[in-house]
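Dear colleague,

Please find below the structure that I am handing over to you.

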Amino acid sequence: MLLSLVLHTYSMRYVLPAAVMMGTAPTYVLAWGAWRLLSALLPARFYRELDDRFYTIYQSMVLFFFERYTGVQIIIYGDLPKNKENVVYLSNHQCTVDWIVADMLAIRQNALGHVRYVLKDGLKWLPLYGWYFSQHGGIYVKRSAKFNEKEMRNKLQAQVKAETPMYLVIFPEGTRYNPEMPKVIADSQLFADKEGLAVLKHVLTPRVKATHVAIDSMKNYLDAVYDVTVAYEGTVDHKGQRKVAPSMTEFLCKECPKVHIYLDRIELKDIPEEQMYMRRWLHERFEVKDKLLIEFYDAKDSKRRNKFPGKCVHSKLSLKKTLPSLLFLGGLTASMLLTESGRKLYVKTWIYGTLIGYLWVSVKA
């Protein structure tokens, strides 16, 4: 009985951070919405600048929980530039925490507000969040034949024209690598073999369309492409087989002790412009990822496992970058909930904000 209670309490450690992160969403949307209306009378750059600051505040609070609350160790390999840049960020994809990893790197460059995602189309229906991601410069795309290249290109070119700072996150695999879905992995490997490409073990065969449109649309605006490989320590079972990467809930329950991030900064001049050649280049980059992950998970020498080759930095995020955001949004939300009128506004924001968001993304996103 006591053991069951302890295990239940342990598994519920995600409740507080989840409640705060989701609970502050209406407050955030209200503050952002007020600024959106006010900024209609001002030059567009004023809206973008403060929108990026709003986004920084919210995501800094998120990182308080995903880094400080969990106590996870962030280990960075390669050369992460100290200064912010306009970049396309390409990463392997295995779980929802991969989104947070992009934030982890961006905040260390003071570029957190510039993070924008290329997301699968179904995510636009997330209450409040789906609408806002679109407003912040996120791009929703459909897979394969339904992919709308013209729409994505137009959105990116509009961002470039507006001189919007860009930290565009793309997961070229198109879906998550999940060891418990062997058919998806087998189909990906079969496709690579048929196309005369190297068969990959720890990543899926990447798709080039979104990557090509992003780089081609912003080639005169970007400073670099970040090729990022992520591995979560503790994702190997007792037989040495790779397990599913942690979900956000599991991560917040402190089930991942370390996140290993390998970053390779690539100059635009080193990337082919034609889609056909970029496709092979992208696959070659994923071959590099695969070799890194084979070393991480399968190295014959056990001392070489659970780390990437080369020098690394154990990077700890300062409380100064996260705690003020938590106190600000938490305090604002708490003060709102203390009054009856505030509680009514809070509930209406959830309801009407979600409905307006659904209407907006069905027409615009």
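A helix, in the sense used here, is a DSSP run of H or I with at least four residues, and helices are numbered from the N terminus. The place of Thr 349 is in one of these, helix α13. Please note that the model is a predicted one.

The chain as a whole

The secondary structure of the chain amounts to 13 helices and eight strands. The radius of gyration is 21 Å, close to the 21 Å that the globule rule gives for 365 residues, so the chain is as compact as a globular protein of that length. Of the 365 residues in the chain, 48% are buried.

Glu 67 and helix α4

Glu 67 is found in helix α4, which covers residues 44–69. Is Glu 67 buried or exposed? Its relative accessible area is 5%, and a residue counts as buried under 20%, so Glu 67 is buried. Leaving aside residues up to four places away in sequence, Glu 67 touches Val 72, Ile 74, Met 104, Arg 108 and Leu 317. With one of these, Arg 108, there is a polar contact between the two side chains, at 2.9 Å. Glu 67 and Leu 319 are 252 residues apart along the chain, and their C-alpha atoms are separated by 9.8 Å.

How α4 packs against other helices

Two packed helices are described by the angle between their axes and the distance between the axes. For α4 and helix α5 (residues 97–107), the angle is about 110° and the axes are 10 Å apart. The two helices are therefore roughly perpendicular to each other. On the α4 side, the contact is made by Gln 59, Ser 60, Val 62, Leu 63, Phe 66 and Glu 67. On the α5 side, Ile 100, Asp 103, Met 104 and Ile 107 take part. The residues of this contact divide into six nonpolar, two polar and two charged.

How do helix α3 (residues 25–38) and α4 cross? Their axes come within 10 Å and cross at roughly 170°. An angle over 145 degrees counts as roughly antiparallel, so α3 is roughly antiparallel to α4. From α3, the contact involves Tyr 28, Ala 31, Trp 32, Trp 35 and Arg 36. From α4, it involves Phe 46, Tyr 47, Leu 50, Asp 51, Phe 54, Tyr 55 and Tyr 58. The residues of the contact of α3 with α4 comprise ten nonpolar, no polar and two charged.

In helix α2 (residues 15–23), the buried residues are Pro 17, Met 21 and Gly 23. What covers them includes α3, α4, α6 (129–135), α10 (248–252), α12 (323–337) and α13 (340–363).

Seven of the nine residues of helix α9 (residues 209–217) are buried, so this helix is largely enclosed by the rest of the structure. The buried residues of α9 are Ala 210, Thr 211, His 212, Val 213, Ala 214, Ile 215 and Ser 217. They pack against the strands β2 (87–91), β3 (115–120), β5 (167–170) and β6 (224–232), and against the helices α7 (149–161) and α11 (275–298).

Two further residues

Thr 349, in α13, counts as buried at 8% relative accessibility. Beyond residues up to four places away in sequence, Thr 349 touches Pro 26, Val 29, Leu 30, Leu 128 and Thr 354.

Asp 187 lies in helix α8 (residues 182–194). Its relative accessible area is 37%, and Asp 187 is partly exposed. The C-alpha atoms of Asp 187 and Gly 78, 109 residues apart along the chain, are separated by 32 Å.

With kind regards

Terms used:
Residues numbered from 1 in each chain as written. Predicted model: local features only at pLDDT ≥ 70, side-chain atom pairs only at ≥ 80, totals over all residues. Heavy atoms only, no water. Buried < 20%, exposed > 50% of the residue type's maximum accessible area, 1.4 Å probe, protein only. Contact = heavy atoms within 4.5 Å. Polar contact = N/O pair within 3.5 Å; in protein donor to acceptor, adjacent residues only side chain to side chain. Axes fitted to C-alpha atoms, helices over the stretch in contact; angles between N-to-C directions. Parallel < 35°, antiparallel > 145°, perpendicular 65-115°, else oblique. Nonpolar A, V, L, I, M, F, W, Y, C, P; charged D, E, K, R; others polar. Rg over C-alpha atoms; globule rule 2.2 N^0.38 Å.
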